[in-house]
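Morning, everyone. Please keep the sequence open beside it.

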Amino acid sequence: MNTTPASSVEMKDVHLAFGEKEILSGINLSVPQKARLVILGQSGGGKSTLLRLILGILRPTKGEVTFKGLTVSRMSRLRLNRMRQKIGMVYQYSALISSLSVRDNLALPLEELTRKSRDEIDQLVDEKLELVGMADARDKMPAELSGGMRKRIGLARGIIMDPELILYDEPSAGLDPVISSVINELIISLSEKIGATSIIVTHEMDSAFKVATHMAMLYQGTIIAADTPERFKNSDNPVVAQFIAGETEGPILQAPQKT
Ligand SMILES: Nc1ncnc2c1ncn2[C@@H]1O[C@H](COP(=O)(O)OP(=O)(O)OP(=O)(O)O)[C@@H](O)[C@H]1O
């Protein structure tokens with residue numbers, strides 16, 4: 001058996017329902033190691049749900065999600081916690097703890113999950129802040145920072161444990177175009193510097209095409225297209241073409257999932 005799978009994450013025929021409502025109805029997706037996969041899809045279509053399945057916060061009602069060849073839903077609590085230490089999560093609203101300084105927000109996972117000394121932790125915090133260009137913000141409180149700065153700190157926190165996989169949920173939503181470009185460049189440089197695989201959920205087409213090495217489109221509960229950004233741009237799939245162009249006319253149904 002090959003012990004180093006070519007894929008970081010794989011989904012095989014993944015179904016997920018909340019009560020009677022099926023959100024995902026047969027997802028097949030393979031995320032190559034070190035790829036930056038952008039997942040496109042309508043609001044409420046289940047993109048964040050996909051990320052929660054990868055983290056093992058949700059279990060598929062049918063099918064299988066694997067991380068580095070291991071089935072997430074079959075992991076013990078201990079294994080799941082270990083796996084989550086290898087996954088960095090970057091949220092739309094940064095999700096910093098408002099009562100803690102930037103330094104303490106970043107240090108928290110290291111203090112809770114590792115046995116590193118205070119000096120080692122400080123060094124790692126400084127390193128990550130340097131990577132996102134926020135070394136000066138070390139002793140600031142989150143409320144003292146702008147939205148774009150908080151986002152960068154959120155990125156630094158997402159990579160504090162040197163993750164093998166980074167999950168981004170709407171990383172550039174609500175940012176001005178310049179800050180948004182800074183975030184896009186950071187997503188690319190972080191993935192290259194730490195050699196991580198990235199999965200990015202976004203609605204912002206400009207960002208999507210800037211950062212993606214691979215793209216997938218979620219529509220009506222399934223992945224209807226998975227390809228290179230170049231082929232996505234020229235897709236003759238009418239749903240993909242309409243979504244990318246942001247047109248109101250076309251086959252896309254307003255209701256995001258099957259009823
Ligand atoms: N815990 C839950 N219980 C019940 N329904 C849920 C739960 N979590 C999500 N949903 C529903 O599942 C659907 C998909 O939600 P999800 O957040 O994954 O969509 P999304 O594609 O990320 O949307 P957006 O782009 O607007 O953030 C929505 O209809 C949502 O209301």
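Which residues in helix 3 meet which residues in helix 5? In helix 3 they are V102, N105 and L106, and in helix 5 they are I153, A156 and R157. Two residues count as in contact if their C-beta atoms, placed from the backbone, lie within 7 Å. Helices are DSSP runs of H or I with at least four residues, numbered from the N terminus.

Before going on, the source. This is a predicted model, where local features need pLDDT of at least 70, side-chain atom pairs count only at pLDDT 80 or more, and totals for chains, interfaces and linings use all residues. Residues are numbered from 1 along each chain as its sequence is written.

Back to helix 3 and helix 5. Their axes come within 9 Å and cross at roughly 25°. That makes helix 3 roughly parallel to helix 5. On the terms: axes are lines fitted to C-alpha atoms, for helices over the stretch in contact, and angles run from 0 to 180 degrees between N-to-C directions. Under 35 degrees counts as roughly parallel, over 145 as roughly antiparallel, 65 to 115 as roughly perpendicular, and the rest as oblique. Helix 3 passes helix 5 in a right-handed crossing, meaning that the near helix is turned clockwise from the far one by less than a right angle. By class, this contact has 4 nonpolar, 1 polar and 1 charged residues. Ala, Val, Leu, Ile, Met, Phe, Trp, Tyr, Cys and Pro count as nonpolar, Asp, Glu, Lys and Arg as charged, and the others, Gly among them, as polar.

Next, helix 3 with helix 4. Helix 3 covers residues 102-113 and helix 4 covers 118-131, and they pack at about 125° with their axes 10 Å apart. That makes helix 3 oblique to helix 4. This crossing is right-handed. Helix 3 brings R103, L106, A107, L110 and E111, while helix 4 brings I121, L124, V125 and K128. The classes are 6 nonpolar, no polar and 3 charged.

Helix 5, residues 147-158, also packs against helix 6, at about 10° with the axes 10 Å apart. The two are therefore roughly parallel. G148, K151, R152 and L155 of helix 5 meet I179, I183, L186 and L190 of helix 6.

Now the domains. Domain 1 is 1-86 + 163-259 and domain 2 is 98-157, with bounds from an automatic or database domain assignment. Their C-alpha centres lie 26 Å apart. Each domain puts 8 residues into the contact. On the domain 1 side, helix 6, residues 177-194, gives the most, with 5 residues.

Last, the ligand. Which residues are around it? They are F18, I23, G41, S43, G44, G45, G46, K47, S48 and T49, where near means a C-beta atom, placed from the backbone, within 6 Å. Helix 1, residues 47-54, gives the most to this shell, with 3 residues. By class the shell has 2 nonpolar, 7 polar and 1 charged residues.
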